Amino acid sequence: MKLRASYGVSGNFSIGNYDYYASLVADNYVVGTGVGSVAPGLYPSTISTPDLGWEKTKMTNIGLEFGVFNMLRLEVDVYNSNTSDMLLNVPTPYLSGFSTALQNRGKVNNKGVEITLSTHNTFGDFRWSNNFNFALNRNKVVDLGDVNEIVTVNNSVLYFVTRVGEPIGNYYALVTDGIFMNQDEINIANDPNDKRIATVAGAKVGDFKYVDQNGDGVITDDDKAIVGNYAPKFTYGWSTQMGWKWFDLSIATQGVYGNEIANINRRYFDSMEGSINCMTDALDRFISVDNPGNGKTVQANRSATGKNGTISTWHIESGSYFRIRDITFGVTMPKNWMNRIGIDKLRVYFTAYNPFTFTNYSGYNPEVSNNSNPLTPGVDYGTYPVAKSYVFGLNVSF
Amino acid sequence: MIAVGLFVTSCDDFLDERPQSVASAANFYKSDSDIENAVNACYATLQMSQLYRDFMITMTETRSDNVEDQNPGGNAGRDYNIDKFAAGADNAAITSMWQYSYNAIMRCNAVLDNIGVCTNASLKQRYEGEARFLRGLMYFNLVRFYGAVPIVRTQISVSQAIASSRDDVNSVYGFIEEDFKAASALLPKQYPDSDKGRATSGAALGMLAKVYLTQARWSDCVTIIERLLSAEYSGVYKLLPDVADVFKSDNKLNEELMFVVHYSKSIVGEGHGFNQYFGNASFLDVNLRNGYEADDARKGLLEPVVIDKTTTPFVKFYDTFDPTTKNVGYDQAILRYADVLLMYAEALNEIRFDASSSSKALEYLNMVRDRSGATMYLSTDFASQDAFRSAVLLERRLEFPLEMHRWFDLIRTNTAEEAMAKVGMNITKDDYLYPIPKSEMELCPNFYQNPGYSDK
């Protein structure tokens, strides 16, 4: 048994070369009569930030190692880290001539636990080892300089908010509240004195209702709420190797639990506009007052009415998954047989990569492109599917 | 110990290495040609879809009674909502117009902040004049769209931007006036053919006249226009005898065009496609199309020409696709001589209504009508100053459709409610201004929203 403790300060230098200088990009004009000629132009594309510095992370870590011979080993690490002067591409007023500026801004706290349990056992001819891991991280913004929140936009449609007291990079969207099931509901919504259902401008029967966050009786941009985050509640994994006589089997798995993904592909696949093929959600859509589907899916319409096209919880999905990353089964031919034909070792194996993924996520791959801006994580907008592959192999050594 | 101390203090400059391999603002502006590149980038903003190419047309023509957007679902209702006075502070066109106007202003300020590196005195004058002309133009659009806007005079930092507040409308106009005045003094009257298309002193005077006209400073407006009409500018500008020649794509930068957004379809990146409204007669208000007399040459400019099944631009913007770039390249007039003549007629009438047949205002109004073969007005047609005023406004509508003047003319003359009512839109004075973009409201704590728009 061993107890470890550490404290350190490190810098994140993912700051680009010469980011603090304003760099210039080309934008040309044309002058002169006739065809004219190019008037080459150059303008500053980033705002000059001469005081840009490193992010600093102070981390405290306490670890415990516990082992029983070689059979069982448990490691538990608990950490608490505080990052200050975070390097964030922060929205800046347009009147500066720019839309964002890289800045050292704010503090964020990360704390978490990492647990690893590994076992090695042999029972006669049977060898078996296992490795379990579990990690949990909680992330909280402590300070953002002179503001309380930073709202960022991704792909012009998806909003994120990073707010003091909350994790970094939350999805910020309208919350759907079923659909308008009949004309009475529309009438209530459109009656300014009746606030039971909030007005959704242009909405018809079969369109989304939304939660009126500010209670003003009208659904506007101000009714956006934090509706999820790409950071998982915890991640876990299990891998195992087994061997018996000539045979070996190994399996590796990984899992993520409790995160959300902004699947903005659904603006197309699930818009009920029919511009392209829809997902099977369309089977549950509102068709008529007498046939309202599951009450959560809007009517089909060539051009969406109400706010159906606005990013809402309709586009946010659970990103939890459990994936079997690979399975390998191998047979090693007995050495004494092989030596007779002049072969030192011969192993035949079969591996399946990514054969199974268990998830409710409707997109191709819940491990979505995590773009480089930490304020806008977890956007699925044309993420590549993960490839399944099957490999037969033969290892021969002479 | 002393040696160590020396090292520590001498380190600072030594370590402050400037990048030599990338063009950065810190090492860039060194010579006349660097400043010329910076000036060219200011002009380049004019061609942006977010400015003159598209959104300017949406915010002046579609907003007005000239053009109707018939596609509620197009671009998530961006243009439709502007047409129907339903656009809020998060509208993409309204936001982009603000964003890229200030981007252009930043580019102009980058020129002006670094103008000192110029060694050639006459080039330095010209570059400063060009940057101030374009900055004035941007602020003139901003103040007419949004009212009181922050005046950004130099390149500013993020914290300065956040701390800024809206300057009152008069200060903004004062700043615009200074810029155009300075530009008119600094810029040349004309350029050699290879540099044609750049801002000239005459263009700056014409814009200054329009600034005065917008502020109802009639006699200042008249004074400036009389300079343009005087011997000082003789031979520089004229009304082309045939109005159709003004817009022909093989007759660009002609003597009637005082300032344009210039394009070239044969040069990659310098051409464009047809604007969505420039090819469908059904978008145009019937009162506009019926406003012309049968043989008014301007009527024909709004007839469609068939290029192919999906492309039928108006004669005014007719151009063929370049076989290589697949672009067209018609220019967009920002100021032309006919505008100056009509401004003159308007300002003279505002100073004093002249019912006589020798009225100068009448003479200039007729000059523009006569060119297109429309019946000339007689002094007896006008019983009052107001009747003449309405005739000028109508003439401007007939002369400049789709040239991005109509909405500004309506709000300048306080006639937008009346004109919009005729196309079924009931608007109020609050609708004269667009809202300050929502994102800007959120980032600038000292800002207040324009009346009639959600404060958030």
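Two residues are in contact when heavy atoms of theirs lie within 4.5 Å. The model is predicted, so local features need pLDDT of at least 70 and side-chain atom pairs pLDDT 80 or more, while totals for chains, interfaces and linings use all residues. Residues are numbered from 1 along each chain as its sequence is written, chains are lettered from A in the order in which they are written, and side-chain values use heavy atoms, without hydrogens and water.

**Exercise 1. Describe the interface between chain A and chain B.**

Solution. Begin with the residues: 39 of chain A are in contact with 62 of chain B. Next, take the buried area, that is, the accessible area (1.4 Å probe) that two parts lose on being put together, summed over both. The two chains bury about 4,100 Å² between them, with 62% of it on carbon and sulfur atoms. Then count the polar contacts, pairs of N or O atoms within 3.5 Å, where within protein one must be able to donate a hydrogen and the other to accept it, and residues adjacent in sequence count only if both atoms are side-chain atoms. Between chain A and chain B there are 12 residue pairs in polar contact, both residues at pLDDT 80 or more.

**Exercise 2. Which salt bridges link chain A and chain B, and how many are there?**

Solution. A salt bridge is a side-chain nitrogen of Lys or Arg within 4 Å of a carboxyl oxygen of Asp or Glu. One joins Arg107(B) to Asp27(A), at 2.9 Å from N to O. Another is formed by Lys438(B) with Asp222(A), whose closest N and O atoms are 3.1 Å apart. Lys438(B) belongs to helix α21 (residues 438–443) of chain B and Asp222(A) to the loop between β16 (208–210) and β17 of chain A, so this pair joins two chains. Helices (H or I, at least four residues) and strands (E, at least two) are DSSP runs, numbered from the N terminus.
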